[in-house]
Amino acid sequence: MELKIAVIDDMQKDIDNVISMTERFFRNKKNITAEVCSYSNGKSFFETFTKGDFHAIFVDICMGDMDGLELSIRLRAIDDDIAIIFMSSTTEFVFETFKSTPFGYLVKPYIFEQFSEVMEKTVKYYSKVDSSIRVRIPRSELSVGLDTIFSVVSNGHKTNVNTTSGQVIKTIEKYEYFKEELLKEENFVECNRGIIINMDCILTIKNADIVMVNGTLYPLRTRCRKELVSQITHYISQKIKGELFV
């Protein structure tokens, strides 16, 4: 397997740093290599980008013409799978990056161990063997990637699967099937009766609702709201710790 990686930064020394660390990271890896392309600004990268060109991008947040935040939002509208890793000399933009569901946020100057942790996550993501769930639909069956599931909502004796791309898959599976399968994963939680959400897609919690990255609101169960909020905030805080390297 070969990972295709893009580095977008207006500072050549920072581009060279990513290239050097990438070469060092993959030097002793078996059955996997990496090809790195560099760009000096977001605009030139986006003008030539098509879905599937790259597995991952390292992008500086503060650039002219098109900054990293704007670029990431435009990329995410085109490609759900690309791993976006932000780079910045400050942590002030970390919460703004959540809309793009980043794989990491490296604060310059970062060390090789921090870079490696983000890269390991990226490699693991693209090397996953069993990352899907099979669901029945009328007259057929689908394989749905777990990372593409935004939420699952009970619909009588059937279940709707909402995907990160906005598609709604109307299955003939019972809700209990999804509950049994998805709650094995650390990033899924049942926030209310008949509703399972992907915590990677949460933007914030506001009053008694969970606000998702696309603006969708899901109500928190009243009876165990405190425990749910604790579970969600713990997951998000652990995720930030794993992705934010100062």
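The following is a working chat about the structure shown above.

Biologist: Before we start, what sort of model is this, and how are residues numbered?

Modeller: This is a predicted model, in which local features need pLDDT of at least 70, side-chain atom pairs count only at pLDDT 80 or more, and totals for chains, interfaces and linings use all residues. Residues are numbered from 1 along each chain as its sequence is written, and side-chain values use heavy atoms, with hydrogens and water left out.

Biologist: Where is D9, and is it buried or exposed?

Modeller: D9 sits in the loop between β1 (2-8) and α1 (12-26). Helices (H or I, at least four residues) and strands (E, at least two) are DSSP runs, numbered from the N terminus. D9 is buried, with a relative accessible area of 1%. Buried means under 20% relative accessible area, exposed over 50%, and partly exposed in between, using a 1.4 Å probe and protein chains only.

Biologist: Which backbone nitrogen does its side chain reach?

Modeller: The side chain of D9 reaches the backbone nitrogen of M11, at 2.9 Å.

Biologist: How far apart are Y39 and K170?

Modeller: They are 131 residues apart in sequence and 42 Å apart in space, C-alpha to C-alpha.

Biologist: Let us turn to helix α5. Which of its residues are buried?

Modeller: In α5 (residues 175-182), the buried residues are Y175, F178 and L182. Seen down the axis of α5, these fall within an arc of 65°, so they line one face of the helix. The arc is that of the directions from the helix axis to the C-beta atoms. The face turned away from that buried side carries the exposed residues E176 and E180.

Biologist: What covers the buried residues of α5?

Modeller: The cover includes β6 (132-137), β8 (149-155), β9 (158-163), β10 (168-171), β11 (188-192) and β12 (195-198).

Biologist: In what order do the strands of the open sheet come?

Modeller: The open sheet has five strands in the order β10-β9-β8-β12-β11, with antiparallel pairing. Its edge strands are β10 and β11, each of which pairs on one side only. Two strands pair if DSSP finds at least two bridges between them. β11 and β12 pair over four bridges, and F188 has N198 in β12 as its bridge partner.

Biologist: What about β13 and β14?

Modeller: Strand β13 (residues 202-206) is joined to antiparallel strand β14 (residues 209-212) by four bridges, with I205 partnered by I210. The two form a hairpin with two residues between them, and N207 in the turn has a positive phi of about 55°.

Biologist: Which residue stands opposite I210 in β15?

Modeller: That is Y218. β14 and strand β15 (residues 217-219) pair in the antiparallel sense over three bridges.

Biologist: Lastly, how many disulfides are there?

Modeller: The count comes to zero, a disulfide being a pair of cysteine sulfur atoms within 2.5 Å. For C201, the nearest cysteine sulfur, that of C191, is 12 Å away.

Definitions and conventions. Contact = heavy atoms within 4.5 Å. Polar contact = N/O pair within 3.5 Å; in protein donor to acceptor, adjacent residues only side chain to side chain.
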